[in-house]
Amino acid sequence: MNRPNGFTLVELLLAITLLSMLLALAYGGLSASTRATDRGQTILEESGRLRMAHQFVRKQLNQAIPLAFSQTEESQQALDPVAQEVFLGEANSIRFVGPMPGYLGFGGPQVQQLSIVQSEDGLALVLEHALVQGFEESLLSERAPIFLLDHIANAEFQFQGRDENGELSPWTNRWDDPSVLPMAVALDIVFEEGSYAQWPLLVAAIKVDGSVADGANEANQKNTFKSAIEQMRDRRKDRN
């Protein structure tokens, strides 16, 4: 007796079940691949923004110059340089004078202010700037601030100078002598949970010691700054 052509119901159900399993596995693999690609793209974008912001802040601090942007009425009459303001530093903001990149400003040195402010996406690092000639604090708000980084959970500027004996002073989150530039400025940033990026410790030298006159003194200056970086790293480890 010849068997009729075709499939039985059991065979058909089994085939459909196997096909469904294969399709589910293929869809799962495709979804995982898509998520991995999106995650990789997000990591690249965040890392790129972070690297650009890190390099920008370091470069601007390295180029800071001891040019006064504000002074009291008494110092204007007596031309007292001690009363002049060349650097203002708090835990959440710094203000100094330096050249700006050509795509952001023109007209010589400009007053630059880097601040940690509240935004819609958590805390943000922003830049404001204005010409140093005829500078008034209100001029900083004439332009919209430039957002460098956002989604920040915590951030802090710290400063280091020299004491009366020429030794490195302890790191502090407030700069008490606005008439001089600190020797170094550090910026530590912690991003919100879920961020793929991690901020590399930034310690920037912004003042060249005028006493450096030969190779030996220059080497000593570099060793001193290296010590400052190591101290800042130790402080970061202690906080973590």
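A residue counts as partly exposed when its relative accessible area lies between the limit for buried, under 20%, and the limit for exposed, over 50%. Glutamate 90 has a relative accessible area of 32%, so this residue is partly exposed. The legends below describe close-up views of a predicted model.

**View 1. The salt bridges around arginine 174.** Arginine 174 and glutamate 90 form a salt bridge in which the closest N and O atoms are 2.7 Å apart. Glutamate 90 belongs to strand β3, whereas arginine 174 sits in the loop between β7 and β8 (184-191), so the pair ties together parts that are 84 residues apart in sequence. A salt bridge also joins arginine 174 to aspartate 176, with 3.3 Å between the closest N and O atoms. Aspartate 176 is exposed, because its relative accessible area of 62% is over 50%. Side chains of opposite charge can pair when their charged atoms come close.

View 2. The structure holds four salt bridges. In one of them, the side chains of arginine 49 and aspartate 150 meet at 3.6 Å, N to O. Arginine 49 is in helix α1 and aspartate 150 is in strand β7, so the bridge links distant parts of the chain, 101 residues apart. Arginine 49 is partly exposed, with a relative accessible area of 40%.

View 3. Strand β4 covers residues 93-98, and six of its six residues are buried. Ser93, Arg95 and Val97 point one way from the strand, while Ile94, Phe96 and Gly98 point the other way. In a regular strand the side chains alternate between the two faces of the sheet. On one side, β4 pairs with strand β3 (residues 87-90) in the antiparallel sense over four bridges. Glycine 89 has isoleucine 94 of β4 as its bridge partner. Two residues lie between β3 and β4, and the two strands form a hairpin. Strand β4 also pairs with strand β5 (residues 110-119), again in the antiparallel sense, over six bridges. Here phenylalanine 96 has glutamine 112 of β5 as its bridge partner.

View 4. In which order do the seven strands of the open sheet lie? The order is β3-β4-β5-β6-β7-β8-β9, with antiparallel pairing. The edge strands, β3 and β9 (202-205), each pair on one side only. On average, neighbouring strands of this sheet are turned by 35° against each other, direction ignored. Strands of a sheet pair through backbone hydrogen bonds, either parallel or antiparallel.

**View 5. The pairing of strands β6 and β7.** Strand β6 (residues 122-131) and strand β7 (residues 146-160) pair in the antiparallel sense over four bridges. Leucine 127 has isoleucine 146 of β7 as its bridge partner.

**View 6. A nonpolar patch on the surface.** Leu9, Leu12, Leu13 and Ile16 form this patch, and together they have about 400 Å² of accessible area. Leucine 13, one of these residues, lies in helix α1 (residues 9-62). Is leucine 13 buried or partly exposed? Leucine 13 is partly exposed, because its relative accessible area is 49%.

Methods: Residues numbered from 1 in each chain as written. Predicted model: local features only at pLDDT ≥ 70, side-chain atom pairs only at ≥ 80, totals over all residues. Heavy atoms only, no water. Buried < 20%, exposed > 50% of the residue type's maximum accessible area, 1.4 Å probe, protein only. Pairing = 2+ DSSP bridges. Axes fitted to C-alpha atoms, helices over the stretch in contact; angles between N-to-C directions. Patch = residues over 30% accessible without salt bridge, like charges linked within 9 Å, V, L, I, M, F, W, Y side chains within 5 Å. Areas by Shrake-Rupley, 256 points an atom, 1.4 Å probe, with all protein chains shown as cover.
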